[in-house]
Amino acid sequence: MQTNQHSLPIIIFFISTIIGVGIVTLPRETATIVGQPNMWISVILGGIVAFINALFLFMLMKKYPLKTVFDIAPELVGKWIGKLLNLIFVCYTIAISAYIIRTMAEIVNYYLLDKTPKFVVLLVLVLSCMYLVSTGLSNILLFLQLYFPLILLTFLLLTLLSIKNIEPTHLRPILYMDGIDLLRGVNSTFFSFVGYELLMVLSGQYRLTRWKPVVFILGISIGSVCFIYVLFFILNIGVLSIEELKVITFPTIEMAKAIEFQGFFFERFELLFLFGWIITIFTTLTAYYYSAMLGVCKTVNCKKSLLMNAIIGLLILTLSLVPSGITELFSYGTYLNYLSYASLIAIPLLLFLFSFRKGAMK
Amino acid sequence: MKKGVLIFFSLQLLFLTACWDSNEIEDLGMIMGIGLDYNESEEDVFSMTNQYVVPNNIEGTQFGSSGGDPYQNITLTGSNFFQIIRENSLETDRPPNYTHLKSMVLTERLLKEEPLKQLISFFLRDHEFRRTVAVFITKESSADILAVEPTKEMFPAVQLKELTQNHDRSLYVQDTLKFGEVSKKITEGASFVIPEVGINKGRIRLLGAGIISDKSEQIVGWLTPEEIAGLKWITNEVSGGLVAIKKENSEADQAVLEIMKASTSIEPVLKEGQLTIQLKVKSSLRLAEDWEIKRDVFQEGWEKELKKQGEQVVKEEMEHVISIAQEQKLDYLEFGTWTSIKQPAYWQKHHKDWERIFSQLPVTIDVDFTLTGYGTQDIN
């Protein structure tokens with residue numbers, strides 16, 4: 001089973017990359033847009049859109065085996081425009097890294113360490129990530145496999161402990177829905193699936209040319225993330241109710257706070273959940289960090305050096321410290337969505353169109 | 001090479017300097033309960049009682065001595081709660097920590113003056129407060145409630161919270177109203193009831209409940225324990241308790257039935273544009289106490305009379321509560337929630353007008369009892 005040996009690390013890579021901030025903030029974002037108990041349908045729709053988009057990316061990369069998006073862009077649209085496109089993609093990966101670690105820092109600051117400066121929290125995270133990235137992709141994949149069970153265990157524990165807090169009335173009515181609102185919700189749920197676009201980076205290491213294994217990998221990865229999101233949506237709505245979701249900053253953590261043990265000191269489960277969740281942030285950061293570094297190196301034709309690594313790290317760190325507060329941070333999220341549109345849809349579409357012209361010329 | 005290793009290890013020291021936010025657990029002023037109250041004075045309108053744990057007075061611990069209470073109540077006044085909390089530092093060396101808070105007592109005076117939403121906004125904003133804190137209301141002063149010597153527990157605040165755990169033993173006890181639930185009710189814009197506590201002969205006692213209006217978010221009325229029973233029947237919260245058939249209501253002597261199982265279904269039915277609520281109670285009970293000598297439980301059909309009388313008792317209790325709620329035009333019976341679930345199209349159109357609709361809503365009640373047994377022996 002040659003395909004399975006290859007696909008498991010890649011599946012884990014995708015799942016670890018996709019799951020990040022969304023699991024904590026998405027329920028609120030979607031509740032404000034959709035605002036009905038069946039808004040988890042939006043998540044499924046968002047997952048389907050993401051899957052279709054991922055297949056499209058694969059169609060593009062399939063033509064160029066063992067090449068990344070950074071390699072093919074200069075080839076297809078000319079050296080300088082290609083480099084510009086690469087730069088946009090790199091900007092996107094750096095921006096998304098900065099955004100997620102800043103959100104993490106805010107949460108850590110709220111719930112765990114209220115005296116530690118955010119800078120220190122972020123520095124520790126970026127430094128350890130820098131170290132991991134400098135050791136190369138194969139080690140990153142190993143690391144992700146090592147921590148993947150821990151992440152799943154945290155999620156499983158949270159699910160099991162929250163189930164008894166669910167009030168079924170909050171989830172009803174199920175069949176009465178406003179279709180247009182659900183579709184509008186896709187706009188926000190779709191972005192919680194970003195991470196699969198790193199297929200365009202992974203393709204440099206793995207020979208991903210056949211449909212069957214890639215559809216399998218993408219299907220399993222996006223499918224399981226979708227399942228986890230839907231599960232967490234149902235838990236969140238069931239425990240907190242829609243109206244409450246609209247006003248809670250970090251719903252999933254509040255949901256963890258609603259867990260009660262009959263005891264004295266074992267009642268702060270949200271802390272345990274946070275430890276597991278920070279790892280998911282770290283894995284997401286690692287994946288984007290690696291892509292950013294690869295992108296820069298391919299664009300300016302330099303070796304992957306410690307200096308380059310440090311520069312990227314510094315960029316991420318500085319950018320993450322730009323927003324002054326949480327409201328500003330969330331408003332930056334909207335700009336980030338535009339960058340996502342550019343890197344996920346516009347750039348690949350452009351390259352795809354040019355790939356036909358090139359082919360015709362040959 | 002050796003030098004490199006040495007530098008590496010020295011650098012590690014930078015990261016091993018322990019936690020920036022470290023807080024010794026001995027230095028925390030753990031708070032078990034808080035009580036909020038309203039003062040008549042001009043400036044410092046609020047008062048807040050914090051119930052601290054005094055670890056040294058807990059028996060059985062390392063330094064524990066049997067003298068003194070294991071808790072200390074500090075009541076301070078101020079114009080806002082955060083200020084009061086910070087003022088605690090003037091009197092106690094341990095900063096208050098609310099992560100293990102058990103209960104919160106509000107007073108009638110407070111809720112007559114201030115809307116609940118603004119009152120609790122600080123406690124919702126702060127991350128230390130848990131959503132599982134039990135909320136109570138009292139007609140006395142909240143400081144008095146928290147000062148009542150606990151009988152079985154170590155802390156008054158814990159005893160308070162544990163009281164509502166008996167909701168499956170008595171119809172008069174509501175399930176714990178958690179802080180998170182209060183927040184939910186407020187964001188949903190619903191009326192609800194808060195369990196009431198009082199002091200009875202030096203002991204703490206659960207009484208009825210205070211009604212919070214969805215419009216003013218203040219206290220607008222009270223329910224007696226008997227009315228709590230009716231409310232629990234309506235909202236499908238009965239999980240135990242008893243139905244007493246009084247002597248006056250029947251030809252025979254009094255009898256008491258124990259509830260084994262109970263469920264209520266709320267069905268909003270729409271017929272020709274007119275909404276009707278159908279309540280169907282199903283319950284299985286057991287004869288627990290019988291004062292009637294003539295009853296022969298070995299004779300078939302012994303339960304028929306009891307069943308009918310018991311059903312009547314519950315039906316009257318429910319009707320009474322519904323009439324109160326409709327008179328007040330406050331839907332704490334969850335009829336609105338069920339209408340929005342079962343008749344979403346109707347709700348979409350009429351929810352703005354719900355107050356008026358609710359007050360005139362026809363309600364049909366159908367109680368169905370099954371008497372399953374009479375216990376281990378029938379001495380009569």
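This note comments on a helix, the nonpolar cores and the chain contact in a predicted model.

1. Helix α4 of chain A spans residues 69-77, and its buried residues are Val69(A), Phe70(A), Ile72(A), Ala73(A), Leu76(A) and Val77(A). These residues lie on the same side of α4(A), because the arc they cover around the axis is only 165 degrees.

2. The largest nonpolar core comprises 115 residues. Those with the most contacts inside this core are Ile101(A), Cys129(A), Tyr196(A), Leu199(A), Val225(A), Leu285(A) and Tyr289(A). Once neighbours within four places in sequence are set aside, Tyr289(A) is in contact with Ser97(A), Cys129(A), Val133(A), Ile312(A) and Ile316(A).

3. There is also a second, separate core, which has 89 residues. Among them are Leu36(B), Leu223(B), Val281(B) and Val367(B). In soluble globular proteins, nonpolar side chains tend to be buried together.

4. The contact between the chains involves 21 residues from chain A and 16 residues from chain B. On the side of chain B that touches chain A, α7 (179-188) and α10 (335-342) of chain B each supply at least two residues. Of the elements of chain B, α7(B) gives the most to this side, with five residues.

5. How do the residues of the side of chain B that touches chain A divide into nonpolar, polar and charged? Eight are polar, five are charged and three are nonpolar.

Conventions: Residues numbered from 1 in each chain as written. Chains lettered and ligands numbered in written order. Predicted model: local features only at pLDDT ≥ 70, side-chain atom pairs only at ≥ 80, totals over all residues. Buried ≥ 20, exposed ≤ 12 C-beta atoms within 10 Å, placed from the backbone. Helix = DSSP H or I, 4+ residues; strand = E, 2+ residues; numbered from the N terminus. Arc of directions from axis to C-beta. Core = buried A, V, L, I, M, F, W, Y, C linked by C-beta atoms within 7 Å. Contact = placed C-beta atoms within 7 Å. Nonpolar A, V, L, I, M, F, W, Y, C, P; charged D, E, K, R; others polar.
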